[in-house]
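Please look over the chain below before reading the briefing. The notes that follow are grouped by topic.

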Amino acid sequence: MSGRELFCQPRRVRRGAALTLVFAGLLVTGAATGAFPDPGQSDRKTPAGAARATAGHEDVAKAAAEAMADGKSPMEAAERAVSRSGDRWAAVYSEGEYQEFEEALDGQYTGVGLWARRAADGRIDVTKVQAGSPAAEAGIRKGDRLRSIDGEDVDGRPVTDVVSLLRGDATDARAGTTVTLGLERGTRAWSETLRRALLSTDSVTVRKLTAGITVIKVSAFTRGSGELVRSAVRQAPADGGIVLDLRGNSGGLVSEAVTAASAFLDGGLVATYDVDGAERSLHAEPGGDTARPLVALVDGGTMSAAEMLTGALQDRGRAVVLGSRTFGKGSIQMPTRLPDGSVAELTVGHYRTPSGHTVDGRGITPDLDVSSGALERAETVLSGLGDPS
């Protein structure tokens, strides 16, 4: 198992957050902050549905306000109200946790720039050091052993615990706070005190394979990622196919997923969705590359906005989807700010693929079910040697 400092569980794991990690719960944060494109239409309304969603938020807000008036914790009261709601994806976040979400949407995280994994013997090894990060400036290298964090031995601990210590989750540590690492390299053992910083992530990476095939890996739909996908498509060899790797992509901003869809579609429907009973639609921009062979790779970690993009490419016959069934997170949550600054998110609707398929709880079934060697199989399909049907 391996991990890095951004893609981990929020500081307090709750009903929704335990499954969604950082980005999956943000499908609707986009709607609340204007990240959803304005579809310019609201064809049908379902007052009963809208009332249910509004009532849920009102119940939580009322419980929080009453708790504050009684000198109790609004956040704890909101958590109890959310728990009673039966909403699978509902969650309550502290002000600091929600700030992390907002940073994550910008493709940022607070940490020292280390990737780590736990070896078979329980030791924690550094697998990557981000260039320009505090860890890189301190001379920490790939292959170094991480022995302790702020005096706590990390041998045998889950990587998620190690990541939490690096980030300072227990104290809501922010950029500028320090963390002391115990390290080992060969026979040398030493300690290094680093100052945490706000670091940027690479949500889109591009590499070339043989036969002119371009692999575009999208780890999350952070701000600007959709345009990076479009740029990668424009720069890809004209006579080569494209692999769009969405494995492990836990979602992000819907508007960025729509922009990514625009790289491969010449306008048209990407998805429909409803918020508080109002049904709307999302459309790709015209002018995308509709001729180049395309394979989309997915797995059980493909979630939320990444599933929306997959469904659009599959339903419209634009891509061969290869891998395993996706996670099945197609619901929309809307955030409500509580009196103490914490935030409650409750489900207000769901989205559907262009053919009307509901993703939530079902996921997307790939055209080719491949459990291993997915990238190699994608190359075969793109080369025309395999049968994509």
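In which strand does Leu198 lie? Leu198 lies in strand β10 (residues 197–200); helices (H or I, at least four residues) and strands (E, at least two) are DSSP runs, numbered from the N terminus. This is a predicted model, in which local features need pLDDT of at least 70 and side-chain atom pairs count only at pLDDT 80 or more, while totals for chains, interfaces and linings use all residues. Residues are numbered from 1 along each chain as its sequence is written, and side-chain values use heavy atoms, with hydrogens and water left out.

**Leu198**
- Leu198 counts as partly exposed because its relative accessibility is 41%; buried means under 20% relative accessible area, exposed over 50%, and partly exposed in between (1.4 Å probe, protein chains only).
- Leaving aside neighbours within four places in sequence, Leu198 is in contact (heavy atoms within 4.5 Å) with Glu103, Gln108, Tyr109, Thr110 and Ala175.
- Glu103 is 95 residues from Leu198 along the chain, and their C-alpha atoms are separated by 8.8 Å.

**Whole chain**
- The protein chain has 11 helices and 20 strands.
- Of its 389 residues, 55% are buried.
- Among contacts between residues at least 6 apart in sequence, 69% join residues at least 24 apart.

- Strands β8 (residues 178–185) and β9 (residues 188–195) run antiparallel and are joined by eight bridges; two strands pair if DSSP finds at least two bridges between them.
- Leu183 has Trp190 in β9 as its bridge partner.
- Two residues lie between the strands of this hairpin, and Gly186 takes a positive phi near 65 degrees.

**Six-stranded sheet**
- An open sheet with mixed pairing has six strands in the order β11-β12-β13-β16-β17-β20.
- β11 and β20 (368–369) stand at the edges with a single partner strand each, so one side of each has no neighbour in the sheet.
- β17 (residues 320–323) pairs with β20 in the parallel sense over two bridges, and Gly323 stands opposite Asp369 in β20.
- Helix α11 (residues 374–383) lies across β11, β12, β13, β16 (294–298), β17 and β20, and runs at about 165 degrees to β16. Axes are lines fitted to C-alpha atoms, for helices over the stretch in contact, and angles run from 0 to 180 degrees between N-to-C directions.

**Helix α8**
- In helix α8 (residues 225–235), the buried residues are Ser225, Gly226, Val229, Arg230, Ala232 and Val233.
- These residues are on the same side of α8 because they cover an arc of only 160 degrees around the axis, taken from the directions from the helix axis to the C-beta atoms.
- Exposed residues Arg234 and Gln235 are on the face of α8 turned away from its buried side.
- The cover over the buried residues of α8 includes β11 (204–208), β12 (214–218), β13 (242–245) and α9 (254–262).

**Nonpolar cores**
- A nonpolar core is a set of buried Ala, Val, Leu, Ile, Met, Phe, Trp, Tyr and Cys residues joined through side-chain atoms within 4.5 Å.
- The largest nonpolar core has 42 residues, of which Ile216, Phe221, Val229, Leu244, Phe264, Val270 and Met308 touch the most other members.
- Helix α10 (residues 305–315) gives the largest share of this core, six residues.
- Another core lies apart from it and has 19 residues, including Ile140, Leu165, Leu181 and Leu194.
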